[in-house]
Number of protein chains: 2
Amino acid sequence: MSDSQGSRREARPDGRRAPARPRVTIADVAALAGVSVGTASKALNNRGKLRAETRSRVADAARQLGFRPNEMARSLLSGRSFTVGLLTTDHVGRFSLPVLLGAEDALGAGEISVFLCDTRGDAIRERHHLQALASRRVDGIIVAGRRTDPRPPLRQFLDVPVVYAMAPSQSAQDLSVAPDEAQGAREAVRHLIAAGRSRIAHITGPARHHSSQVRAAAFRRTLAEAGLAPAAGKVLYGEWNEPWGRQAVQHVLHADPRCDAVFCGSDQIARGAADSLREVGRTVPGDIALAGFDNWDVMATACRPPLTTVDMALGELGRAAAVRLLEAIDGRARSGVEYLPCRLVIRDST
Amino acid sequence: MSDSQGSRREARPDGRRAPARPRVTIADVAALAGVSVGTASKALNNRGKLRAETRSRVADAARQLGFRPNEMARSLLSGRSFTVGLLTTDHVGRFSLPVLLGAEDALGAGEISVFLCDTRGDAIRERHHLQALASRRVDGIIVAGRRTDPRPPLRQFLDVPVVYAMAPSQSAQDLSVAPDEAQGAREAVRHLIAAGRSRIAHITGPARHHSSQVRAAAFRRTLAEAGLAPAAGKVLYGEWNEPWGRQAVQHVLHADPRCDAVFCGSDQIARGAADSLREVGRTVPGDIALAGFDNWDVMATACRPPLTTVDMALGELGRAAAVRLLEAIDGRARSGVEYLPCRLVIRDST
């Protein structure tokens, strides 16, 4: 690399770098295979009617010469760019990152290159990125959100398929994939009930968040199906963080001293609750069983004891979004929201 | 969006979608501006000698018609694709994500689109991604690592500039940007000394990690400059996690009961230490001042008390890598490792 980098510094007067070695062209491939350039192009792009023997001779010649088709020229021929935009709609972090990487994994393995577009929750940046994706002629777009609150559809600058991941589109005609948070919450609560707990409290995030509402509704419904009522008489809404978990669990113990389990809306809340319970001398799971939501390794495994929690399988969600997008690009578009199952991960806290 | 998506489902027999509306071409722009297509192209690509008045007339016409230059055609003309590859060399997470997003921010704002290539630490995936980037004719590559251990240079498949971020290249002829961990550690230790502490311990990660070694060396040197020796007589190497922080701080208290400060190699270690100190009745910072490294918000602010810590300014690091890459693409390549300053964030633990 050092040699080529040295030569790179001597930019030619026209501002283009001198190529390190002569580039192999499709003409070279055609010559070696003994076919016309048009035939070589058809063979390499898998188009037109050719004999299998011809295709394989061209493929061998390409391999032998180390021919890399120029993707740009290929895309001008095929009308497809084999690129996809991965657009984030709010700040990328713990929740959207696994979705992005899952999508990149599914697409990259299929010869699609992925443009990363971080809008940072800014409408002007979103517009700018969509215009850039339009001028790049992307074949489709995945829109990944951080939360599961439904979002308005993208303002369309270009006529390509769009799949929404995590935060579903508000339009029923769009295709969205989202985690089945209700099913995840239901499994956690059923697990607590199956372990013999009957006075179960629920501490969760802000009441305005879709995730809080869906998980709380599933909590209430699952208790009711078992003939139980929420410990402390109600769901405790607050923040997604540890201080709220520490504070709320004290409130629960005060309101319902016989409480024997707490289902928390996030691992951070559960971790705060675990610390607080330990400090007042209540054992987990002996006195009180504890379950979280997210399976955020750094919280769930550092918790004392390690936390039973619901995993939203976000990498799978990203992969599913990519598969649906490829189907839509291929003319097989679906619509509506597809919910993907969550998985209960059982550790020592229950 | 619903209408266009509806029509999208009716794929044409050749597999291409019918365009939603006639596409504005450069010929339309040229006609409206009253110039030739060649002149319009020069004006829009900012090339050749043209009068300012002509350039502005073409720009006005393009704006008026909503003309979006086809980036692929533009790149075939200019020899540049205005794309950059963002290659991760190991698993993307808390450390590499801010670097990636900082780079995307700096490039995206400058009309460069960014290909995300997650190698997942797999040499075959890395090779596959580099080949894809070569066939996309990217103008340059940023290689982002998760740790600061120097890494072998990329096997070169293509002759474009490369900048290494976080994990510097082992070759002095490459350009790398990395956080100045020694300076960060020095500032933290000086801060503890300035607060009147004199028996300072250091608990850190695995001895084989570059970060552990650099931070520990700066710790020893800064103490020596102040005529001090490490509390507990040595640096305690272990893991980057909370259980190690909890365990190691007990060892420190046992070996050196008069220890009055602990500098931890990560926020997770510091958080474990804080929990353990509280449980044995030592106050922070009253009895023992505590400093971490990373400024990982979820650890540093949830810590009781909130943690003084070193911020590696990873977003800035990504931005700097992008700026250096643009310079190199422009023929102004540098070499060697550029160290960017860390920032001490002071909270209640000191």
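Which residues is A:Leu344 in contact with, leaving aside its neighbours within four places in sequence? I looked this up before anything else, bearing in mind that the model is predicted.

**Ground rules.** I noted that this is a predicted model, in which local features need pLDDT of at least 70 and side-chain atom pairs count only at pLDDT 80 or more, while totals for chains, interfaces and linings use all residues; side-chain values use heavy atoms, with hydrogens and water left out. Residues are numbered from 1 along each chain as its sequence is written, and chains are lettered from A and ligands numbered from 1 in the order in which they are written.

**Entry 1: A:Leu344.** I found A:Leu344 in strand β12 of chain A; helices (H or I, at least four residues) and strands (E, at least two) are DSSP runs, numbered from the N terminus. Beyond its neighbours within four places in sequence, A:Leu344 is in contact with A:Glu187, A:Ala188, A:His191, A:Thr308, A:Thr309 and A:Val310, contact meaning heavy atoms within 4.5 Å. I also checked A:Thr309, which is 35 residues away along the chain, and its C-alpha atom is separated from that of A:Leu344 by 6.0 Å.

**Entry 2: the sheet in chain A.** I traced an open sheet of six strands with mixed pairing, in the order β7-β6-β8-β9-β10-β12 (chain A); two strands pair if DSSP finds at least two bridges between them. β7 (236–237) and β12 (343–345) of chain A are at the edges with a single partner strand each, so one side of each has no neighbour in the sheet. Helix α11 (residues 267–279) of chain A packs on this sheet and touches β6, β8, β9 (289–293) and β10 (308–311) of chain A. The direction of α11 makes about 155° with that of β9(A); angles run from 0 to 180 degrees between N-to-C directions, and axes are lines fitted to C-alpha atoms, for helices over the stretch in contact. Strands β6 (residues 200–204) and β8 (residues 261–264) of chain A run parallel and are joined by four bridges. In one of them I see A:His202 with A:Phe263 of β8(A) as its bridge partner.

**Entry 3: two helices in chain A.** I then turned to helix α6 (residues 96–108) and helix α13 (residues 314–329) of chain A, which pack at an angle of about 45° with their axes 6 Å apart. α6(A) and α13(A) are therefore oblique to each other (under 35 degrees counts as roughly parallel, over 145 as roughly antiparallel, 65 to 115 as roughly perpendicular and the rest as oblique). Residues that meet here include A:Pro98 and A:Val99 in α6(A), and A:Leu314 and A:Leu326 in α13(A).

**Entry 4: the sheet in chain B.** Chain B also gave me an open sheet of six strands, in the order β7-β6-β8-β9-β10-β12 with mixed pairing. Three bridges join β9(B) to strand β10 (residues 308–311) of chain B, and the two run parallel. B:Ala291 stands opposite B:Thr308 in β10(B).

**Entry 5: where aromatic rings meet.** I counted six aromatic pairs over all chains; rings of Phe, Tyr and Trp (its six-membered ring) pair if their centres lie within 6.5 Å, with planes under 30 degrees apart counted as stacked, over 60 as edge-to-face and the rest as tilted. A:Trp296 and B:Trp296 have ring centres 6.3 Å apart and planes at 80°, so this pair is edge-to-face. A:Trp296 lies in the loop between β9 and α12 (297–300) of chain A, and B:Trp296 in the loop between β9 (289–293) and α12 (297–300) of chain B, so the pair joins two chains.
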